[in-house]
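I opened the coordinates and worked through them one item at a time. The entries below follow the order in which I looked things up.

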Amino acid sequence: MARPAAAVTVLLAVAVLVSVAASLPSAVVGDARFVARTCKRTNHTECVKMLSADRRSARATTVHQLAGIAVDIAAATVKSSAAAVYGKFLENHGQVLELTLLECWWMYDLAAGEAQAAVDAYSSGGAYLDVVRHQLAGYYAGIMCDNMIVRRSKVSPVADIDRTTATHCNIAVDLIGLLY
């Protein structure tokens, strides 16, 4: 008697596992669709790629959650960009771009503090306009650094860093803009 009961229990467990496994892909696809629909409203081709890089996006069910994730990503980008630009400054010691890269690093360093302020303001339920104001520092650090270097050199050692920073910050700002 114990054998048939054990077999039934195993069959039921397998059926439940198969049922749960079958439902997972549709949930993931649904989340991907939500991210894509939300990103489409920002008109940024990099939005889905940026948000998909963070696992939390797959569980997001509101624009508010996606915007918070974007603010976090943008802040991390600004912080890593500050470190990367500082590294380029050190590599270019005595070169034409040395002082320009130092100026870029100063902007990025200030923007990193502002990016953290954006995260803190968003996390504490602060006014969206305050979050946007803080977040724009990273965007402008990328834009201004790129402009300063292009005026002094044909090749920018930080062009990709500037572009990524400006893009991530711009996407975060646009997602916040969807909330009001």
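I note here that the model is a predicted one. The side chains of Glu-91 and Lys-88 meet in a salt bridge, at 3.8 Å from N to O. I looked up the accessibility of both partners. Glu-91 counts as exposed, at 58% relative accessibility, while Lys-88 counts as partly exposed, at 24%.

**Fold**

I then went to the secondary structure of the protein chain, and found six helices and zero strands. From the N terminus on, the elements read α-α-α-α-α-α. The protein chain has 180 residues, and 37% of them count as buried.

**Other salt bridges**

How many salt bridges does the structure hold? I have five in the list. As a reminder to myself, side chains of opposite charge can pair when their charged atoms come close.

I looked up Asp-130 next. Asp-130 forms a salt bridge with Arg-133, and their closest N and O atoms are 3.8 Å apart. Both residues belong to helix α5 (residues 128-152); because Asp-130 and Arg-133 are three residues apart there, about one helical turn separates them. I have Asp-130 down as partly exposed, with a relative accessible area of 35%. Arg-133 is partly exposed too, with a relative accessible area of 49%.

I also checked for salt bridges that share partners, and these join Asp-54, Arg-56 and Asp-72 into one network. Is Asp-54 buried or exposed? Asp-54 is buried, with a relative accessible area of 17%; the cut-off for buried is under 20%. Arg-56 counts as partly exposed, at 33% relative accessibility.

**Glu-98**

I wanted a charged residue without a salt bridge, and took Glu-98. Glu-98 is found in helix α4, which covers residues 98-123. Glu-98 is buried, yet has no salt bridge. Which side chain of opposite charge is nearest to Glu-98, and how far away is it? I found Arg-152, 12 Å away. I then looked for another partner: the side chain of Glu-98 makes a polar contact with the side chain of His-93, at 2.9 Å.

**Largest pocket**

My last item was the largest pocket, with a volume of about 150 Å³. Which residues line the largest pocket? I listed Glu-46, Lys-49, Met-50, Ala-53, Arg-163, Thr-164, Thr-167 and His-168. The elements that give two or more residues to this lining are α2 (47-52) and α6 (159-177). Of the elements, α6 gives the most, with four residues. I sorted the lining by class and wrote down two nonpolar, three polar and three charged residues.

**Recap**

The protein chain comes to six helices and zero strands. Glu-98 is buried without a salt bridge, but its side chain has a polar contact with that of His-93. The largest pocket takes lining residues from α2 and α6, two or more from each.

Definitions and conventions: Residues numbered from 1 in each chain as written. Predicted model: local features only at pLDDT ≥ 70, side-chain atom pairs only at ≥ 80, totals over all residues. Heavy atoms only, no water. 1 Å grid on protein atoms, 1.4 Å probe; cavity = no way out; pocket = protein on both sides within 12 Å on 5 of 7 lines; lining within 4 Å. Points joined across faces, edges and corners; volume = space filled by probe spheres on them. Nonpolar A, V, L, I, M, F, W, Y, C, P; charged D, E, K, R; others polar. Buried < 20%, exposed > 50% of the residue type's maximum accessible area, 1.4 Å probe, protein only. Lys, Arg positive; Asp, Glu negative; His and termini not counted. Salt bridge = Lys/Arg side-chain N within 4 Å of Asp/Glu carboxyl O. Polar contact = N/O pair within 3.5 Å; in protein donor to acceptor, adjacent residues only side chain to side chain.
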